[in-house]
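Me: Hi! Could we go through this one together? Here it is.

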Amino acid sequence: MNTIFRKSVLSVAGVAFAGGVFAGPIAAHANPVDAKPVAVAVQTNAPKPQGDQSHISLNDEQSANVKAIIAATKKAGLPERAAVISIATSLQESKLENLGHLGDMNDHDSLGLFQQRPSSGWGTPEQITDPAYSTTAFLKGLKQVDGWQDMALTDAAQTVQVSAYPDAYAQWEQQATDLVAQHWNS
């Protein structure tokens, strides 16, 4: 924490403490007021979502795939940020659908939640279309990216995926964050 920021925080804390000491006894006997909860911002190391955000409604299959990605992330011993990056990547690549071969619509031999390619060494078609396997494969690649925990989601995802659309992952960060918050402890 830099010195100026630390001094600012300490100054605000001192004013708050002094105000509490002098106004505390008076406030304790004051008439209650209809208080409403106040939102408190929590600072994390994770960068904020970049750019416009997209959102889709999920069906049962997509929700099950979210839970599978989270389970694989926990099994790998990785934090929630890894699940956010994984889910955002899958939202971009397949809209969280475990895609098989799409014929003429297929991008080369890309399959599964992350559109991984057997010909690029991601695994067999059967492995790649297993949500636990494909997530673990993605996470293995993510762990090899130095500093992935603190970099922009789109940069971390792109380093693993090597997409023709490197900035596209960013649009899914908020929904991925919300999904992880909703399902991480369930």
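Me: Let's start with Val84: is Val84 buried or exposed?

Reply: Val84 counts as buried, because its relative accessibility is 6%, and the cut-off for buried is under 20%. Bear in mind that this is a predicted model.

Me: Got it. Where is Val84 found?

Reply: Val84 sits in helix H3.

Me: And which residues is Val84 in contact with, leaving aside neighbours within four places in sequence?

Reply: With those neighbours set aside, Val84 contacts Leu153, Glu173, Ala176, Thr177 and Val180. Take Thr177: the C-alpha atoms of Val84 and Thr177 are 5.4 Å apart in space, while the two residues are 93 apart in sequence.

Me: Nice. On to charges, how many salt bridges does the count come to?

Reply: The count comes to 1 salt bridge. The side chains of Glu173 and Arg81 form a salt bridge, at 2.9 Å from N to O.

Me: What parts does that pair tie together?

Reply: Glu173 belongs to helix H7 (residues 173-183) and Arg81 to helix H3 (residues 80-94), so the pair ties together parts that are 92 residues apart in sequence. Glu173 is also among the contacts of Val84.

Me: Are Glu173 and Arg81 buried or exposed?

Reply: Both Glu173 and Arg81 are buried.

Me: Switching to helix packing: at what angle do H2 and H5 pack?

Reply: Helix H2 (residues 60-75) and helix H5 (residues 131-143) pack at about 50°, and their axes are 9 Å apart. The two helices are therefore oblique to each other. As for handedness, H2 passes H5 in a right-handed crossing.

Me: Which residues meet there?

Reply: From H2 there are Asn65, Ala68, Ile69, Ala72 and Thr73, and they meet Pro131, Ala132, Thr135, Thr136 and Leu139 of H5. By class, this contact has 6 nonpolar residues, 4 polar ones and no charged ones.

Me: Last topic, backbone angles. What is phi of Lys95 near?

Reply: Phi of Lys95 is near 55°, a positive value in a residue other than glycine. Lys95 lies in the loop between H3 and helix H4 (125-128). Lys95 counts as partly exposed, because its relative accessibility is 31%.

Me: And what about phi of Val162?

Reply: Phi of Val162 is near 55°, again positive in a residue other than glycine. Val162 is in the loop between helix H6 (153-161) and H7.

Me: Is Val162 buried or exposed?

Reply: Val162 is exposed, since its relative accessible area is 62%, and exposed means over 50%.

Terms used:
Residues are numbered from 1 along each chain as its sequence is written. This is a predicted model: local features need pLDDT of at least 70, side-chain atom pairs count only at pLDDT 80 or more; totals for chains, interfaces and linings use all residues. Side-chain values use heavy atoms; hydrogens and water are left out. Axes are lines fitted to C-alpha atoms, for helices over the stretch in contact, and angles run from 0 to 180 degrees between N-to-C directions. Helices (H or I, at least four residues) and strands (E, at least two) are DSSP runs, numbered from the N terminus. Angles under 35 degrees count as roughly parallel, over 145 as roughly antiparallel, 65 to 115 as roughly perpendicular and the rest as oblique. A crossing is left-handed if the near helix is turned anticlockwise from the far one by less than a right angle, and right-handed if clockwise. Contact means heavy atoms within 4.5 Å. Ala, Val, Leu, Ile, Met, Phe, Trp, Tyr, Cys and Pro count as nonpolar, Asp, Glu, Lys and Arg as charged, and the others, Gly among them, as polar. A salt bridge is a side-chain nitrogen of Lys or Arg within 4 Å of a carboxyl oxygen of Asp or Glu. Buried means under 20% relative accessible area, exposed over 50%, partly exposed in between (1.4 Å probe, protein chains only).
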